[in-house]
Amino acid sequence: MQNVIETIQPAINTIVTAILGVLVTFALAGINTLKNKANNWLDARTTDAQREVIHKVAGEAFALAQTAFKEAGGERKLQEALQYASLTLSSQGIVVSQVELKSAIEKAYLEHKTKTKNVIQTESHPSEDAAQAAAKEAVSSLAAQVTAILSQATGADTKASVVPEKLQDMSSAEETTAMQVAVE
């Protein structure tokens, strides 16, 4: 029996070593996959943070060009904004191509243009909106009065569903007086 165990022992050691090798290989592959996913996640987060900084700096560059170079033309303002943004970003260690930087500044310009357009439209329309609301109310009131007169003349009882609340709030004595005047 001792002879059999001594003969099988090297084979068992080889099998156990092979199994451990396979398990270690799977463990290392799993760790490598996790490392790659973690690096990708960190790269994506860093890129998002850098993009936010780029857009903030582009907005600052646009504001600077708009205020400091009021009399300059659009192309000069763009060049000044590009220069400010590239210097600011390079001082923070963020490397951006001129095309990306120009597009970020153009985006800031378009956002500013949209905001100012909305403010101008909002400021110019309140009186028009108020006039439209008053006209709608007047038409509604007139339609309600015409409906009330027609319902009185025909004797139909459609007044409750068509007449606005203001006219429905009349007391029954006022309704009776109104009906008598309309009939006479």
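This is a predicted model: local features need pLDDT of at least 70, side-chain atom pairs count only at pLDDT 80 or more; totals for chains, interfaces and linings use all residues.
Of the 184 residues in the protein, 14% are buried, where burial is taken as a relative accessible area under 20%. As for how the chain meets itself, when contacts between residues at least 6 apart in sequence are considered, 51% of them join residues at least 24 apart.

With the overall picture in place, the reader can turn to the largest pocket, which has a volume of about 180 Å³. Its lining is made up of Phe-62, Ala-65, Gln-66, Gly-74, Lys-77, Leu-78, Ala-81, Ile-105, Glu-106 and Tyr-109. Two or more of these lining residues come from each of helix H1 (2-68), helix H2 (74-91) and helix H3 (98-124). Which of these helices gives the most to the lining? That place belongs to H2, which gives four residues to the largest pocket.

Sorted by class, the lining of the largest pocket holds six nonpolar residues, together with two polar and two charged ones. Among the residues named above, Lys-77 and Glu-106 line the pocket and are counted as charged, because Lys and Glu both belong to that class, while Gly-74, also in the lining, is counted as polar because Gly is placed in that class.

Note on methods. Residues are numbered from 1 along each chain as its sequence is written. Side-chain values use heavy atoms; hydrogens and water are left out. On a 1 Å grid over the protein atoms alone, a cavity is a set of points where a 1.4 Å probe fits but cannot get out, and a pocket is an open set with protein on both sides within 12 Å along at least five of seven lines; lining residues have an atom within 4 Å of a point. Grid points are joined across faces, edges and corners, and a volume is the space filled by probe spheres set on the points. Buried means under 20% relative accessible area, exposed over 50%, partly exposed in between (1.4 Å probe, protein chains only). Contact means heavy atoms within 4.5 Å.
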